Amino acid sequence: MMAGETRVKVMVVEDDPEVARTIARKLGADGLDVELADDPRPVLARLDAGETSDWDVVLLDVGLPGMSGIDVLRRFREAGSLASIVMLTGDNTANTATTCMRAGAFYYLTKPFRPFELSSMVESAARYATLRRELAGVRQAIDAASDQLLVGTSPAMRKLRAALDRLASQDVSILIRGESGTGKELVARALHDRGSRRKRRFVALNCGAIPESLIDSELFGHAKGAFTGATTDRAGVFVEADGGTLFLDEIGDMPMAVQARLLRVLQEGEVRPVGGSGVRSVDVRVIAATHVDLTTAVEQTRFRQDLFYRLNVVVLSVPPLRDRLEDLPVLAAHFLRKHGRAAAMSLSPDALDAMMSYAWPGNVRELENSIIHAGALHQGDVIVPESLPNTITARGTGRAPSTVMGAVLGDDDGQLPPLTEAKRRASAVFEKNYLTMAMERAKGSISEAARLAGLDRTNFRRLLQRHNIDATAFKG
């Protein structure tokens, strides 16, 4: 093992003390941390308590007193443990080996085994456990990716995230309201990724972007020869999303005739392709979104009242960016990391102030495009106002002074403080927002938040105290 490398941790569950001591001596000599247990029950108690996450390899005897090693193995797998389980058995029959592997073992060792066999097996098992943890981290990153535009410490965003957590596991109809560019599809994806259908497909369809003559085919599919150009059978989005989630964006733009057919599918759970004679049952969670007021559309007979009531079971509102400007610095930093030529790219105070003073009619989508625009035009690492789109830097936006500049001016009656003091105040605003976001991501765990921020726990806690941030407020 190389200097600075994390020591592999091995739990040995073996009731034969001589075998256990032999394993401990060999693996200890190999530089591994070894823990011994002759009874599986205390081990399972620690598993249930969540105290086994740092075990890389578990060597588990098949013939344990009071409980089969196979049953213990199954308990580890049911608990979602990422440790590699190697079974120890005195029976080298094919039946025993097959039983171990089917129950989820990494592999098995037949006693008596030679020292090099033990070392080689544990080394391979530890490497496999590391790969599983890395894969789990990637999956968590994928899950977290659906929250990329949902970051922020504003009350509106915290309320929205709390609602997502409550609704994700409930298979109810949800209507997402919000202006264009606020991230309605992202909210729908977050609901899908956190729910019971996350292993099935998420299919999105923008109802306003499809010609009226084709929307039936897109939704329900069509049979070969149903119309000119229908040279093959085609499954619609309902069939594509069967078992998963169908996101119908801008449903307020759907033609009235199509609304009636959509309502029937929602009521009956069956789709009939255009030009087809048969029907197909589908199990789909439908999430709809709109930027228009559907209540007004119903009053003006532009949207069916019965379909409105079918979709309007739970309503989520995504706030426009202008109503949560305190989230803009963190969002801008995210887009700079995503699209910037260099990891160190940042905004100058003047550029940030211009952005905080802008109305953002295109919301988060416009913010991302603006960052891409500025990054493409600017040559240095610090983006200045001149690199931003003209719509942002134009005078006369009619907006009040920005949140950041309000903090920078403080109690100076609108007078500009010295540059060093202005930088200190602006930095404090950003630092507090960043710490709050880190604590939200870590669900109140200071250790995890410190890891995300790249700081040690003591310094991170000192920053929380400096900004009067209560860690307990983020738990649960």
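This is a predicted model: local features need pLDDT of at least 70, side-chain atom pairs count only at pLDDT 80 or more; totals for chains, interfaces and linings use all residues.
**View 1. The largest cavity holds about 40 Å³ of space.** A search of the whole structure turns up one cavity of 30 Å³ or more. Its lining is made up of A168, S169, D171, L191, H192, G195, S196, R197, T245 and R285.

**View 2. Strand β13 is mostly covered.** The strand runs over residues 285–290, and six of its six residues are buried.

**View 3. Strand β13 pairs with β8 and with β10.** Let us take the two partners in turn. Strand β8, residues 174–177, pairs with β13 in the parallel sense, over four bridges. To find your place in this pairing, look for L175, which stands opposite A288 of β13. Strand β10, residues 245–249, also pairs with β13 in the parallel sense, and four bridges are found here too. A handy landmark on this side is F247, whose bridge partner in β13 is I287.

**View 4. F202 and F247 form a stacked aromatic pair.** The structure holds seven aromatic pairs. In the one shown here, the ring centres of F202 and F247 are 6.3 Å apart and the ring planes meet at 20°, so the pair counts as stacked. The two partners come from distant parts of the chain: F202 sits in strand β9 (residues 202–206) and F247 in strand β10, 45 residues apart. F202 is buried, because its relative accessible area is 13%, under the 20% cut-off. F247 is buried as well, with a relative accessible area of 0%.

**View 5. F308 and Y309 form a tilted aromatic pair.** Their rings lie 5.6 Å apart, centre to centre, with 55° between the planes. Are the two partners buried or exposed? F308 has a relative accessible area of 10%, so this residue is buried. Y309, with a value of 53%, is exposed, because exposed means over 50%.

**View 6. The peptide bond from K111 to P112 is cis.** Its omega angle is near 0°. To locate the spot, follow the chain into the loop between β7 (107–110) and α5 (115–145), where P112 lies.

**View 7. E250 and N363 have positive phi values.** Most residues other than glycine have a negative phi. E250 is not a glycine, yet its phi is positive, at about 50°. You can find E250 in the loop between β10 and α10 (256–268). With a relative accessible area of 9%, E250 is buried. N363 is also a residue other than glycine, and its positive phi is near 60°. This residue is found in helix α15, which covers residues 363–377. N363 counts as buried, at 0% relative accessibility.

Key. Residues are numbered from 1 along each chain as its sequence is written. Side-chain values use heavy atoms; hydrogens and water are left out. Buried means under 20% relative accessible area, exposed over 50%, partly exposed in between (1.4 Å probe, protein chains only). Helices (H or I, at least four residues) and strands (E, at least two) are DSSP runs, numbered from the N terminus. Two strands pair if DSSP finds at least two bridges between them. On a 1 Å grid over the protein atoms alone, a cavity is a set of points where a 1.4 Å probe fits but cannot get out, and a pocket is an open set with protein on both sides within 12 Å along at least five of seven lines; lining residues have an atom within 4 Å of a point. Grid points are joined across faces, edges and corners, and a volume is the space filled by probe spheres set on the points. Rings of Phe, Tyr and Trp (its six-membered ring) pair if their centres lie within 6.5 Å; planes under 30 degrees apart count as stacked, over 60 as edge-to-face and the rest as tilted.
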